[in-house]
Amino acid sequence: MRCEYASFLTIRGITCLRSRCAGGELILWKLHHSETSQTWKVHKSLSFHRKDVLDLQWSPDDAFLISGSVDNSCIIWDVNKGSVHQILDSHCHYVQGVAWDPLAKYVASLSSDRTCRIYVNKPQTKSKSGEKMNYVCQHVIAKADQQQGGDTKTIKSHLFHDETLPSFFRRLSWSPDGSFLLIPAGSFKLSPACDAVNTTYVFSRKDLSRPALQLPGASKPVVAVRFCPVAFKLRGSNSGFFKLPYRLVFAIGSLNSVYIYDTESVAPIAVLAGLHYAAITDMSWSPNASYLSLSSQDGYCTIVEFEENELGEPFSSSEGKKPEECEERRSVIEKPDDLMTEAGADDDNKNQSEPERKEEARSDDGKEQPEPEKQPLPSKITTTAPEKPARKRITPMAVDP
C-alpha cells in the first residue's frame, strides 16, 4: 500500500461529471475527444437550490441525480431534461449526505437535524408515458431505545451527532449489491452515564427502520463511508457478521483517520492515520479497486495505492451471480447474543497526552512534523492480516430493537 499526494481533485473517467458550486448551482461536464487531446466542457447547468449543495449522487441508470443542500432539501434531477423531477423537503436542517440504492428502490438522506430519512419509490401512473418515479418517506431514523442501568425502563436516545459536528459532510453509502446501508456521524451511549462513542451504523436492506450493527472505535466523528465497487472472493476466515457469497470492502472516514473494513472480518483490515493537517471531507474508490482517494479541508488530496490482490482476488461471475445481479438477497447479518462493544482504543486515546496522540503522525526519524506550511504529512498505515485480530479490537455491537 502506498500514499501519494496531489494538490488537485482527481476525477473518474466517465462521460459526464457533476460538480457543485456555491449558491446551489450544479454543473454537468462532458468529455470531448479530439485527435490529439481530450477536454472537459460544461454540458448543462442545474439551478434550483437556494443555497450551497453539500452532496450529490447519480442514479443507477445515470438518468437522474439527487442532491442535498444547506437549504434543508433534497432534489431529484432529470438529467436529460435538465429540470427538477422531485423535491424532498422533510428535513429541518442542512442535508449533508445523500445516497441512491443501486437497485433503484430507495434513496436515503442524512441531515444535521440528527435524522436519516429513507425514501421508497412508489411510482405514479401516467396515461401516456407509463409510470413516473415518485419517492415517499418510509422511515425516519432518529432515536433508539436504551435501557436505564438495571432498570427495565427504557429511554429514547439520539443515534446521530447534532449540528455542532465540526463538518459539513455526513456521506452515507449503499453496498454495491444493495444489501446494506452504512450511515456515518453516529453517536451512541452504552448507558446514560457513559460518554458517547463515535460509530457507524449498519442497516440491513431487510429492515431499514433500525440499525442491525454498529462499528465503533473511531476517536473522532465519522463523516464519510465509501464501498469499494469490486467484490472479492471469500478468504474463509468466517469471523465476520456478514454472510455473503463474496467479500465487500468499505472505507470509513473520520475527521482524522480512515478505517478499511471487509465483510468477512470483525476488526479493520487497515487503518490510515496522520494523512492531513485538517479534517477529511470525502473518499472515492477507483473502478478497479487499485486506488482510494481522500480529500481534506487542508487543500490536498491523498491517493492510496493498493498492490495487486492486496485487498483480495476479485469475485468472478463464473462462480455465481455478480453482486448487482443478485435478485434474491442471500446476505444476512449474524447478531450473536454476546456481542459487546470494546471502546478501549478510544479510552486509551483520552488518557494519552497530546504529544502521545500525535505519535502516529510522526515521520520515520521520530521528529514531529511542523505545522506552519501546508505540506503533505508522512502517514502511518497499519495493516493486519485477515486471519489475525487487530492489536486493539473494534467489535461491532448489535442494537436491541
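## A first look

Of the 401 residues in this protein, 48% are buried. Please keep in mind that the model is predicted. Its secondary structure consists of 2 helices and 31 strands. The protein has an accessible surface of about 19,800 Å², and carbon and sulfur atoms contribute 47% of that. Among contacts with a separation of 6 or more, 55% join residues 24 or more positions apart.

Strand β6 covers residues 64-69 and is mostly covered, with 6 of its 6 residues buried. Which way do its residues point? Phe64, Ile66 and Gly68 face one way from β6, while Leu65, Ser67 and Ser69 face the other way, and all of them are buried.

Strand β6 also has partners. With β5 (residues 53-58), β6 pairs in the antiparallel sense, and here Trp58 stands opposite Leu65. With β7 (residues 74-78), β6 again pairs in the antiparallel sense, and Phe64 has Asp78 of β7 as its bridge partner.

| Pair | Bridges | Residues between the strands | Residue with positive phi |
|---|---|---|---|
| β5 and β6 | 5 bridges | 5 residues | Asp62, about 65° |
| β6 and β7 | 5 bridges | 4 residues | Asn72, near 75° |

Both pairs form hairpins. In the hairpin of β5 and β6, Asp62 lies in the turn.

Key: Residues are numbered from 1 along each chain as its sequence is written. This is a predicted model: local features need pLDDT of at least 70, side-chain atom pairs count only at pLDDT 80 or more; totals for chains, interfaces and linings use all residues. Side-chain values use heavy atoms; hydrogens and water are left out. Buried means under 20% relative accessible area, exposed over 50%, partly exposed in between (1.4 Å probe, protein chains only). Two strands pair if DSSP finds at least two bridges between them. Contact means heavy atoms within 4.5 Å. Accessible areas come from the Shrake-Rupley method with a 1.4 Å probe; for residues, only the protein chains shown count as cover.
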